[in-house]
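Open the model in your viewer and keep the selection panel at hand. This tour goes stop by stop.

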Amino acid sequence: MVKHIVNVLIENKPYISDPEGDTILKDLVIKGGYTNVKSIRVAKMLKLEVEANDPKEAEEIVKRLCDDLRLYNPVLSVCKVSVVQG
Amino acid sequence: MLSNEELEYLKHKLGREPNSLELSMVEAEWSEHCSYKSSKPYLKAFNTQGKYVLIGPGYDAGVLAIDDMLITVHIESHNHPSAVEPYGGAATGVGGVIRDILSMGSRPIALLNGLRFGDIEKDSSARWLFKHVVRGIADYGNCIGVPTVAGEVEFDNSFDNYCLVDVACIGLIDKDKLVLMQADAKDLIIIAGNSTGKDGIHGASFASKVLDDADSNRSAVQIPDPFMGKLLIDATMECVNARCVKAIKDLGGGGLACCLSELADKLGKGMSIDLANLHLREHMSVEEIMISESQERMLYIVEPSRLSTFKEIMDKYEIPYSILGYVTDDGYLDIKYDGRKIAKIKASIVANAPIAKRKARKPKYLEEIPVREPDGYNEGNIAEYLLSLLSDPSIASKEWVYRQYDHEVGLRTVIKPGYHDAAVIRLSDNKFLAVKLDGNSKHCYLDPYNGAMGCFAEACRNVIAVGAEPIAMVDHLQFGSPEDEHVFYTFVESVKGLADYGRYMQIPCVGGKVSFYNETKYGAIKPTPVVCILGLIDSYSKIVKDRAKDGDMLVIVGLTKDEMGGSEYYEYIHKIQSSNVPRVDLEYDKAVMHAMLELIDGRVVRAIHDCSKGGFGVALAEMCINSSIGAYVNLDRIPNTCSRLDNLIFSESHSRFLIAVSKDNLSRVEYTLSKYSKGNNGIHYSVIGYFNSSDSIVLEHGSSTIGLSLDKAIDAYSSNIPRLMDHA
Amino acid sequence: MHIKVGIVVFPGSNCDRDVYHVFKNILKVDTELIWHKRDDLRGFDAIILPGGFAYADRLRAGVIAAHSPVMQEVKRLAKDGLPILGICNGFQVLVESELLPGAFMRNDTLRFICRWVSLRVNVDSKRSPFTRLLSNDQILNIPIANQEGKYYVDDDTLNLMHKNRQIVLTYTNNPNGSLQSIACICNEQGNVMGIMPHPERASDPMLNPLNYGNDGLLIFKSLLAYLGCDHHA
């Protein structure tokens, strides 16, 4: 068993509005002069430390966890799982 | 760090050198924040006895007895941490004051807060602090389900790059369930709540020194956990109801060191503890364990026979706990680590810091500020001045703030924030508590004695305005460094002002806090004593809940004088400082208070609003805005000794109220007031106008008229703060 | 007849005692607080999931609570047609338990909002046990207090909800950006209802001095009327 670090990125579906991201863009980033930035979406990231035999198993365990325990609400969000270490 | 004198004193008391752990413990407890070493002698001036007072200052909270209920009250501040990290600092401030109320075995039922920042109209960092402090208080208070019902926000340049965050909490418990600290040898000492970690090390001494470099102070910030805060409330209340705890104490400033020494000293007992028993988040040295200020931890003293009940309750809520040790009879804090003796020191030595004798010297500026009058004043601009004052952030509507606070949870909030001058919470079907907090740093800077007394008087007026009789106060005294003799002078004078008012009015002080070292590299803050008043209303029908109606007459009580020093009119509009700060005439103020209470008792007034910041003009406008109604006033009928028209309208003289009275009740009101107006120091009153459903506020003076559109007034009052903060 | 109402308490729930007070002291109904670890809910005629911050809304409001042992039982009882009301955080728990459709997001203002709002009834009184004393188009005044009260659901489900008349109350003045101003919905069967505003806070005229109303009480009294007991409180 090897230690793996798996990231779970929970992001709202693209057609769902994101007032928080919009505010950060309009009232901070654009006002701060960074006019090259065209859009900001806020997401939530969870970093999981998972013991598994290989990265593939680690990824599967986490994908199952996300769906099983409703780590994300599928009405609202999508969930991307990626192994970053191990 | 201990001063040389303190170190010598400690060695003398011990009869030897302290070891490093003992030294750390004493340093934490002898910090200004925990020991009150500079302020203690002066605080003795407060009168602490009162009709409803059960316990005065000294415990974790003051206690009042009303019918079969006990009300506990406490006030805390978190100025330094909030200036560095406003969200966490403010949130942990709420957490701390809640736990002090829990320490009496009472359930927290209401929160209030007083906030002070720099100029939010010009300074984006002041806006940043304001935004995150409010969010921190909201997130914590809302999560634990304690309503935030009242507060105050003030802005002044002396708070630039800094902020003051005062949080007060009110608790409730049945008379027979009050947990008074008591313990016997062999009783268990248990710490429950979050595990201890390295956060908040040196927090108490952090609060006791001047803020220099923001970044290097980051390690002193504590992380709030309102979920554990809520679990601790529920578990503690179950323990109280099950009667399985003999003493409860919050772990706050100075962590275990201060908690253990203060509790042992109060109990007149000793404690034998093994630090290896404490549940920790990470490996820590014994010193770190003793002074860590990790949040959401409580100490309980439990008799061994009641341990299983205690454990059942903690396990139900899945709150981690560890049995640290047991109570002894020898008065010593006997500290071991994993069986090894580490330190042994008498609790009474740790808990009783030597008084720091500070010098007080009147600052030159107090001698040198003249009585000034504004240049460039144009009588034709009065309407503009009034509109401008309505948008002054220190006066403007704070709806942007209180909508973020859940003020309804608990089903007790009868008069909600923004309705009237104070909040009213229901204690029972026929007992109600009015609460309000007030401060005024501009007045206190220019005249500490009269300014402080004025804060007390204003807070009383606010609870009277909703129909309550003031019955107790807690205060928060906030100043710069006590080592500065000029700052210390302002402290001494402020305490005198508060103590004199309290004694004369017979309103006891049941607790309070002192916060020194509120300075940045730019200098000390203005002296800022804040007063939190509790008022009692003994029947639902006495609560003055209505708003002025069309046709109601407008009566003013009190005398308006040329007291412009520190007024919002002088400071916000004309940017001048003058020494003629409003003074409370004690005899007069008392007579006005009694007259108002008699009117309230007679249920003959429709609505009451007190005159304070912005004077009569702002008070009238606020009444009209709140009631969505216009008014006509003949200014010549206002009792006054003013030399100019703008003074009449904007003076912040004390002891004044505006009353809306239905035509039917007018003669009864006049009759009552006339009884108090007889004699040399009789009160003044006058019917000065009426409310009408026009769309303007009309002030007549001689043959000229000043008119203000109600819509413009509403807009000025309600839109400035949201406009500034929505994009902050 | 003897009615018993159960109020589920999760770690962090904070409106349980308020709802308890309304049922027990104002409506004089036998009421019990149910700690979330309990998995046997026999004997209750209705279950209320109260407001608050179960698990401090961590990860997402209501999601951790939805996995509590008690929710298995609540799901079973819901299928059997028992009246179940979720208030605010309780509504969020029902959504995360998939007993009601949709999802909740942060209010458009990004801040917590505590204020009274006015709501329009969009269904007939027979739609749900909790609407018995309400009539279509009636206006109710009830306060909201939340940070994540913005309701969202996908188009297909929304159409179904309209078809099945599942949208019970809508805001007359949308305070938070909720889709189609949705404030309160029920399941297809009608026995499970979720409401964002807090009816228990509008059940005592003493607490509503400006309007002297107690519209919220109608929702609780509706339940009692449905259960067949005529309580006059």
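Predicted model: local features only at pLDDT ≥ 70, side-chain atom pairs only at ≥ 80, totals over all residues.

**Stop 1: the interface of chains B and C**

Select chain B and chain C together. How many residues of chain B are in contact with chain C? There are 40, and they meet 33 residues of chain C. The two chains bury about 3000 Å² between them, with 57% of it on carbon and sulfur atoms. Now pick out B:Phe227, B:Arg403 and B:Leu411. On the chain B side these lose the most area to chain C, together 22% of what that side buries.

Next, look at the charges. Between chain B and chain C the count is 6 salt bridges. Show the side chains of C:Arg201 and B:Asp406: they meet in a salt bridge, 2.9 Å from N to O.

Which elements of chain B give two or more residues to the side touching chain C? Colour α7 (124-144), α9 (226-241), α12 (307-316), α16 (399-402) and β14 (413-415). By residue type, that side of chain B divides into 15 nonpolar, 6 polar and 19 charged.

**Stop 2: helix α7 of chain B**

Stay on α7(B). Its 21 residues reach 30 Å from first C-alpha to last, close to the 30 Å expected at 1.5 Å a residue. Is this helix largely enclosed or largely open? Of the 21 residues of α7(B), 15 are buried, so the helix is largely enclosed by the rest of the structure. Step just past its end to B:Gly145, where phi is positive, about 75 degrees.

**Stop 3: B:Asp234 on α9**

Move to helix α9 of chain B and select B:Asp234. B:Asp234 has 13% relative accessibility, so it counts as buried. Its side chain makes a polar contact of 2.8 Å with the side chain of B:Lys230. Beyond neighbours within four places in sequence, B:Asp234 is in contact with B:Arg107 and B:Tyr317.

**Stop 4: B:Arg116 on β4**

Now go to strand β4 (residues 107-117) of chain B and select B:Arg116. Buried or exposed? B:Arg116 counts as buried, because its relative accessibility is 0%. The side chain of B:Arg116 makes a polar contact with that of B:Glu152 at 2.7 Å, and another with that of B:Glu154 at 2.5 Å. Display the surroundings too: beyond neighbours within four places in sequence, the contacts of B:Arg116 include B:Phe159, B:Tyr162, B:Asp166, B:Asn440 and B:Thr528.

**Stop 5: salt bridges within the chains**

Over all chains, the whole structure holds 64 salt bridges.

- B:Asp334 and B:Lys341: closest N and O atoms 3.8 Å apart. B:Asp334 is buried at 10% relative accessibility, whereas B:Lys341 is exposed at 61%.
- B:Asp538 and B:Lys542: closest N and O atoms 3.1 Å apart. B:Asp538 is partly exposed at 40%, and B:Lys542 is buried at 14%.
- C:Glu32 and C:Lys4: closest N and O atoms 2.7 Å apart. This pair links distant parts of chain C, 28 residues apart: C:Glu32 in β2 (residues 30-35) and C:Lys4 in β1 (residues 4-9). C:Glu32 is partly exposed at 24%, and C:Lys4 is partly exposed at 21%.

Technical notes: Residues numbered from 1 in each chain as written. Chains lettered and ligands numbered in written order. Heavy atoms only, no water. Contact = heavy atoms within 4.5 Å. Buried area = accessible area lost by both parts, 1.4 Å probe. Salt bridge = Lys/Arg side-chain N within 4 Å of Asp/Glu carboxyl O. Helix = DSSP H or I, 4+ residues; strand = E, 2+ residues; numbered from the N terminus. Nonpolar A, V, L, I, M, F, W, Y, C, P; charged D, E, K, R; others polar. Expected span 1.5 Å × (residues − 1). Buried < 20%, exposed > 50% of the residue type's maximum accessible area, 1.4 Å probe, protein only. Polar contact = N/O pair within 3.5 Å; in protein donor to acceptor, adjacent residues only side chain to side chain.
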